[in-house]
Amino acid sequence: MNITKLKGSNKRSGRCLLKIDGDLTIYNAAESHESLLAFVDDFKGFEVDMTSVNEIDTAGIQLLLQLKRKAAQEEQSIQLSGCNEQVCDLLDLYQLQDWLAPTATSNNTTEGV
Amino acid sequence: MDMDPGLQAFKEESHELLGSVEDILLQLEAEPDNNDLVNELFRAVHTIKGASGLFGFDDVVSFTHQAESVMGRLRDGEIKLNDTLTTLFLDSRDHISLLVDDALNGSPGLNEESKAKGVKLHDDLGQFLNNQEEEESQIDATEMDISNPIVDDSKHIASDNWHISLRFGQDVLRMGMDPQSFLRYLQTIGDIVSLTTLYDDLPDAHDMDPESCYLGFEIDLKSEARKEDIEGVFEFVQEDCVIHILPPNSHIDRYIELIKSLPEEDLRIGDILTMTGVLTKRELEEALAVQNEERQQDDGHIGKEHPLGEVVVEQGVVETKVVQAALDKQQQTTVKKAEEKQSIRVSAEKLSEMINLVGELVIASANTEATARQAEGGDLIETTAALSHLVEEIRDTALNLRMVEIGTTFSRFRRVVREVSRNLGKDIDLIINGGDTELDKIVIDKIADPLMHLVRNSLDHGIEMPEQRREKGKPAKGTLKLNAVHDSGSIVITISDDGNGLSKEKILSKALERGLIKPDHNLSDKEINKLIFEPGFSTADAVTDISGRGVGMDVVRRNIDALRGQVDVDSTPGAGTTFSIRLPLTLAIIDGFLTRVGQNSYVIPLDMVDECIEYQTDSDTYIDSNFINLRGEVLPYVRLGELFNDADIVSHSDNKLNKENIIVTNYAGKKTGLIVNELLGEYQTVIKPLGDVFKGLKGISGATILGNGEVAMIIDVQSLIQVAQTADVAVH
């Protein structure tokens with residue numbers, strides 16, 4: 001698991017572009033949480049590239065919810081892109097698809113941008 | 001990776017439940033009208049289905065569902081249990097067991113044969129359901145009619161959906177369970193109309209423990225399922241989670257109650273309920289307003305706030321009695337929970353570790369006692385004596401933890417007897433005695449297979465066909481008896497049938513044919529009977545699918561030998577055969593008798609020591625180099641030093657200055673003397689198994705560490721005598 005900040009992130013606008021490699025599951029939740037902390041502190045809105053995330057579980061969802069909460073506080077949004085079937089499936093189950101929107105389906109709900 | 005703890009629990013639980021399903025079915029044969037049993041049967045199968053659903057084992061769920069439906073009809077008295085149905089249920093149980101194992105092994109899929117069998121079973125079960133479908137829909141229709149007027153009542157919420165509020169406990173994820181699997185299982189019993197994920201509990205990013213679960217869900221479910229079924233979905237987590245389930249068309253107060261009881265702000269839940277269409281805005285506002293008024297009126301009185309139940313009563317909607325009844329009911333369920341928790345599950349590993357430690361404690365305590373005795377401090381000796389007494393008690397208790405009644409193993413044979421006798425067209429009764437006899441779990445696990453073999457053997461070859469029995473003047477119904485008793489540090493299990501007995505002629509001719517004996521060998525009956533334990537020996541004329549492939553009795557003996565046990569056979573031609581298996585109660589610690597031969601120490605299991613006498617070559621007790629006269633009895637003896645080629649002793653064997661003692665051992669009625677130099681007395685012995693390298697070593701069953709750190713070998717009396725005999729034959 002690896003979380004990297006991509007070029008194009010902008011501290012002033014608060015927009016952060018992240019790329020997550022590997023799984024987001026209970027097995028690496030502690031590690032993932034650690035790496036996310038810095039971004040949660042420094043930025044307001046998030047665009048996450050999920051192309052390389054194979055597996056996600058409820059612990060992973062909770063981490064994304066942290067980003068979402070921060071974004072909501074700042075009246076910003078969170079967008080996920082490149083989710084595979086498994087990830088979309090879980091988002092569907094939790095009825096989070098509308099705001100953790102995969103960009104593939106476009107038409108993101110943007111809150112206050 | 002290790003098995004997920006949740007899966008592990010599922011594995012254990014399902015095995016247990018499947019075991020009880022079998023027991024119940026067999027018991028039901030005897031008492032078909034016992035409704036409690038039928039209910040229990042239904043519950044067991046239902047729980048397996050529920051748990052399988054949780055883990056997404058769809059194959060198990062769909063098959064189990066079919067079986068459960070038929071059992072449901074049985075429970076409702078719509079069908080009667082008969083022989084065909086029992087067989088069908090038993091076969092279904094086996095199939096479920098296969099499916100569960102398959103699922104636990106990562107679902108590689110069943111083989112074609114089992115698959116075909118599963119389909120057939122499914123269809124067979126379906127036949128008991130077919131004519132029911134219509135009835136069921138009729139019932140549904142009438143139920144709807146009844147409930148309609150209630151919907152008209154303005155106080156009831158006209159929602160066809162169940163409302164479920166879930167707040168997962170923080171430890172759910174850590175326990176290896178993921179909320180998503182519960183939701184997915186919920187989808188199998190109904191449609192999730194709407195779902196809201198609540199993460200209000202999620203703490204600040206820095207304070208969050210990423211392995212804790214902070215989520216909650218508000219769900220509207222459209223389902224025909226009963227409340228118990230929905231509750232059943234969450235069975236595995238109900239202890240750590242807050243779960244509220246409201247049935248369709250619930251009274252509005254139930255919703256208000258729900259809103260109040262949830263940790264989130266009232267309005268937040270209220271919003272969700274109105275958003276998902278459960279409540280209308282007006283309904284919600286009215287109900288909340290009533291509660292708020294109450295609160296304002298009471299503002300003067302510190303801390304006095306009406307609990308919700310009272311609000312409901314004042315509105316005249318629910319009578320006090322009803323509220324009380326509901327409370328009582330809640331209490332009852334908690335009490336019941338407590339009762340169920342009379343035993344706890346502990347992993348075998350932890351238990352072994354503890355017993356190992358107790359073993360070390362025993363050694364240390366023996367050491368302390370010896371040191372105290374050397375120091376000759378009176379007070380010290382007294383306290384150490386008290387200490388070692390306690391240690392002994394701890395040892396016994398610890399070993400007791402592993403003791404299990406053999407009854408469960410025995411009752412497994414009911415099924416075998418039922419099926420085998422049916423297959424063979426025989427009529428056989430199984431009588432079990434001493435099912436409450438306890439022995440070490442490890443021993444029980446290892447003895448199950450050999451027992452199974454002996455039972456099958458008796459059923460197949462021992463007991464004759466009914467016609468034959470009648471001709472011989474025996475009752476047509478054969479009897480197989482399983483018996484277990486404790487006998488001086490051992491357990492004796494006997495399997496006896498009233499069948500034909502062993503045929504001496506057949507055994508002899510077979511043994512000659514296989515070259516196991518020579519024609520001029522003069523064998524006693526007992527020796528002849530023992531030949532059946534030789535490898536590759538089967539006297540069955542026909543090889544059946546039950547037994548008789550000639551790969552059995554020798555394996556049985558080998559397995560029993562490995563447990564330091566012994567198997568004997570006793571047979572009366574025409575009247576029956578009895579196998580008796582003698583096993584040690586435990587494999588971990590024994591009371592030993594410590595002796596010294598030259599420089600080496602040996603421990604002889606105390607249970608087997610009858611007496612100790614001085615060895616005098618010059619007296620008239622001396623007969624031959626291998627026998628002495630023990631009060632008129634012939635006692636064969638073995639010199640331990642010679643047998644183990646103890647250089648020290650062998651070189652001094654002529655030196656009669658070496659004092660020698662005979663320990664008279666008694667194993668299964670046979671006495672043998674062991675010659676040693678020094679008798680050191682009773683000693684608590686913790687058996688340390690020898691490594692694989694010494695597996696084939698005869699005469700020694702293990703080693704132990706003495707208080708002074710020296711290693712002593714533990715004598716395996718039974719195999720030692722065998723070794724001595726072969727050595728003897730080789731010499732002559």
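Helices (H or I, at least four residues) and strands (E, at least two) are DSSP runs, numbered from the N terminus. The model is predicted: local features need pLDDT of at least 70, side-chain atom pairs count only at pLDDT 80 or more, and totals for chains, interfaces and linings use all residues. Residues are numbered from 1 along each chain as its sequence is written, and chains are lettered from A in the order in which they are written.

**Exercise 1.** State which pattern chain A follows along the sequence.

*Solution.* Start with the inventory: chain A has three helices and four strands. Read in sequence order, they give β-β-α-β-α-β-α.

**Exercise 2.** Describe the side of chain A that touches chain B.

*Solution.* Take contact as C-beta atoms, placed from the backbone, within 7 Å. Then 20 residues of chain A meet 19 residues of chain B. Next, assign them to elements: α1 (29-42), α2 (58-73) and α3 (85-93) of chain A each supply at least two residues. α2(A) gives the most, with seven residues.

**Exercise 3.** Find how α1(B) and α16(B) are oriented to each other.

*Solution.* Two packed helices are described by the angle between their axes and the distance between the axes. Helix α1 (residues 5-30) and helix α16 (residues 407-424) of chain B pack at about 60°, with axes 10 Å apart. Axes are lines fitted to C-alpha atoms over the stretch in contact, and angles run from 0 to 180 degrees between N-to-C directions. Angles under 35 degrees count as roughly parallel, over 145 as roughly antiparallel, 65 to 115 as roughly perpendicular and the rest as oblique. The pair is therefore oblique. Finally, list the residues: B:Glu22, B:Asp23 and B:Leu26 in α1(B) meet B:Ser411, B:Arg414, B:Arg415 and B:Arg418 in α16(B).

Definitions and conventions. Contact = placed C-beta atoms within 7 Å.
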